[in-house]
Amino acid sequence: MAQERQIKYTNRNFSDFRDQLVEYTRNYFPDTYNDFSPTSPGMMFLEMASYVGDVLSFYQDTQLQETFLQYAKNPGNLYNLSYMMGYRPKVTTVANVELEISHTVPALSSGGSFSPDYTKAMVIGENSIISSNTNTQVKFITDRKVDFSFSSSLDPTTVTVDSYSGTDPATYRLTKKVTAFSGEVKTITSTFSSYEKFATVTIDDTDIIGVLDVNDGSNTWYEVPFLGQETIYSETRNTNSDNDTVYNTLVLQNNPRRFVTRFNSTGQLIMQFGSGTIGSDDSTFIPTLENVGLGTAQGISRLDYAYDPTNFLYSRTYGLAPIGTLTIQYLKGGGVDANVPANSISTQTSIVVDSDPGSRQSTLTVTNPLAASGGSTGDTVEELRLNAQRAFAEQSRTVTLQDYEVRALSLPSTLGNLSKVYAVQDQLTSTRSTTDSIIDSNPLSISLYTLAYDIEGKLATATATLKENLKNYLSQYILVTDAVNIKDAFIVNVGVDFEIVVSPNALGREVLLNCTRELTSFFSTDRWRINQPIILSSISSILNSVKGVSSVKNIKVINKNGGQYSQYGYDIEGATKDGVVYPSLYPCIFEVKYPRADIRGRIVSY
């Protein structure tokens, strides 16, 4: 009977391999070979075998290590693992800057008074390009339209006299601020002579931010997170009455012309298209009566199908393959060089003028009062690991109530600005924003109470367009088992009356002004949340901390409603308990709408 020989595969380096081979030879071949001196020919072969084992072990360990995100070192593997985890690596980061754009308009005389002639005001379109004076290679692109004839607290127009005719104003200078980011638009073309399944296009450039537009001459192609997503979210100009606060509307639509992009470790951007052809769209709706039960005798081939809750369409071709010539526009820029100093951005490279009454573009000036910031190189190896792990944990899904609040507040500014969001488990399953219909609570339903800003920067209910945009935006992240009711929170306008005793050596008027200033800061709308109570002791502490205040005698919160205030009245006295003014059961927010008039103080004696 053949002897059973024990072989252990636990050795990982040269010396371990050599020692085991020597021991193995001594045990099983004692009469054949017994010279294990370093200069013997047999040891030469044993050491050569140990060397081969050591090298193979090294490559095996290295290959295994490269499959784990925590230990991978090869940039190509790190990029692939990051995409697998749901994170899109960055090869560059753009710099942001606030620009001041101004131009002059003639003065308009009416009844002896002068004002700017707003009919001559320009409208500068978005995507206007302004270059840096210190580095002409660095360009900045404006992110929205600049309308000099429009002014509000959210988008003010500063007016100054630019020149005089005698003692009367001759021209006025209109100034507005707009945010811009570093980058420039590049264009390439790619021609496909025949249909090719999953065709790819490689953009061989550096510092690529992303693809702006892909067009084949008659159709637009859209970027999607993955080719299996049949629907795209398209932004169109808002033509409703609230277009001054909600610039665009978000529309969900099906489109077979789509592509995905992916960066490789060298910074190139690879675009991949689908495999279908025109006229052979095989999109199906799952599940339907026509396809449930197909394929198996049990008849459940579609009932247990996994799908995206926002996308019930399915296609085996994953979109169309391109044919003909594609014109591809992409954005490049960013980096550390884009962090240019203040007052160094003024060269008007490409200004998009939507409206130029009287050809006043020659008076247009651009500058940046503050330095640009935020530009940096792409993700480092360690940043790739950490960001990919974070993305995997997030999963781009809204799970907790805090997830819903953060995701709603992340709504892009072009789709409207939400000022306050409050998410709670729903107790009213009615889809209406009123409380006149109480139905049994649904544990899987979430109420998302929202508020927006009006044109003066005060709290206001969200418009219908803004809510529709929010609904479509959240549909990308909501779980299939969740239901979200978007509702309006109540606005309760309040005022504060206080009485203080001033120290003998202090100037009463100055102390009173400082107290009002501190309370104005305390009641700033940005600092308040929906369902946040008013704690009177906090107000007293703020007043006591003002220099010159000896003591606080009285604090009273007063409800203000009707007219220019909110229509909702509130029983402040009934809602106050132990020095705390509690909000209502139905979510509301306290707002001091006009601090100069609503915060009133007076000096009293002991």
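Which strand gives the most to the lining of the largest cavity? Keep that in mind; we'll get there after a look at the whole chain.

**Before you click**

This is a predicted model, where local features need pLDDT of at least 70 and side-chain atom pairs count only at pLDDT 80 or more, while totals for chains, interfaces and linings use all residues. Residues are numbered from 1 along each chain as its sequence is written, and side-chain values use heavy atoms, with hydrogens and water left out.

**Stop 1: the whole chain**

Colour by secondary structure: the protein chain has nine helices and 35 strands. Both are DSSP runs numbered from the N terminus, helices being H or I with at least four residues and strands E with at least two. Of the 606 residues, 40% are buried. Buried means under 20% relative accessible area, exposed over 50%, and partly exposed in between, using a 1.4 Å probe on protein chains only. Now for contacts, meaning heavy atoms within 4.5 Å. Among contacts between residues at least 6 apart in sequence, 73% join residues at least 24 apart.

**Stop 2: the cavities**

Select L459, F523, T525, W528, I589, F590, E591 and V592, which line the largest cavity. A cavity here is a set of points on a 1 Å grid, over the protein atoms alone, where a 1.4 Å probe fits but cannot get out; lining residues have an atom within 4 Å of a point. And the opening question? Strand 34 (residues 588-591) gives the most to this lining, with three residues. The largest cavity has a volume of about 40 Å³, and the count of cavities of 30 Å³ or more comes to two. Grid points are joined across faces, edges and corners, and a volume is the space filled by probe spheres set on the points.

By class, the lining of the largest cavity has six nonpolar, one polar and one charged residues. For that sorting, Ala, Val, Leu, Ile, Met, Phe, Trp, Tyr, Cys and Pro count as nonpolar, Asp, Glu, Lys and Arg as charged, and the others, Gly among them, as polar.

**Stop 3**

How many disulfides does the structure hold? The answer is zero, where a disulfide is a pair of cysteine sulfur atoms within 2.5 Å.

**Stop 4: the second largest pocket**

Centre the view on R144, L154, D155, Y247 and N417: of the 31 residues that line the second largest pocket, these are the closest to its centre. A pocket is an open set of grid points with protein on both sides within 12 Å along at least five of seven lines. About 720 Å³ of space lies in this one. Strand 2 (96-110), strand 9 (168-182) and strand 26 (445-453) are the elements giving two or more residues to its lining, and strand 9 gives the most, with five. The lining of this pocket divides into 11 nonpolar, 11 polar and nine charged residues.

**Stop 5**

The T92 side chain reaches the backbone oxygen of G333 at 3.0 Å and the backbone nitrogen of G335 at 3.2 Å.

Then go to N368, in the loop between strand 23 (365-367) and strand 24 (376-377). N368 is buried, at 0% relative accessibility. Its side chain reaches the backbone nitrogen of I345 at 2.9 Å, and a polar atom of that side chain lies 2.9 Å from the backbone nitrogen of S344. Not counting residues up to four places away in sequence, N368 touches several others, including V97, E98 and L99.

**Stop 6: helix 6**

Finish on helix 6 (residues 464-474), where you'll find Y473 and K471. Which is buried and which is partly exposed? Y473 is buried, with a relative accessible area of 8%, while K471 is partly exposed at 44%. The K471 side chain makes a polar contact with the side chain of E468 (3.2 Å). For Y473, draw a C-alpha to C-alpha distance to L250: 7.3 Å in space, although the two are 223 residues apart in sequence.

Conventions
A polar contact is a pair of N or O atoms within 3.5 Å; within protein, one must be able to donate a hydrogen and the other to accept it, and residues adjacent in sequence count only if both atoms are side-chain atoms.
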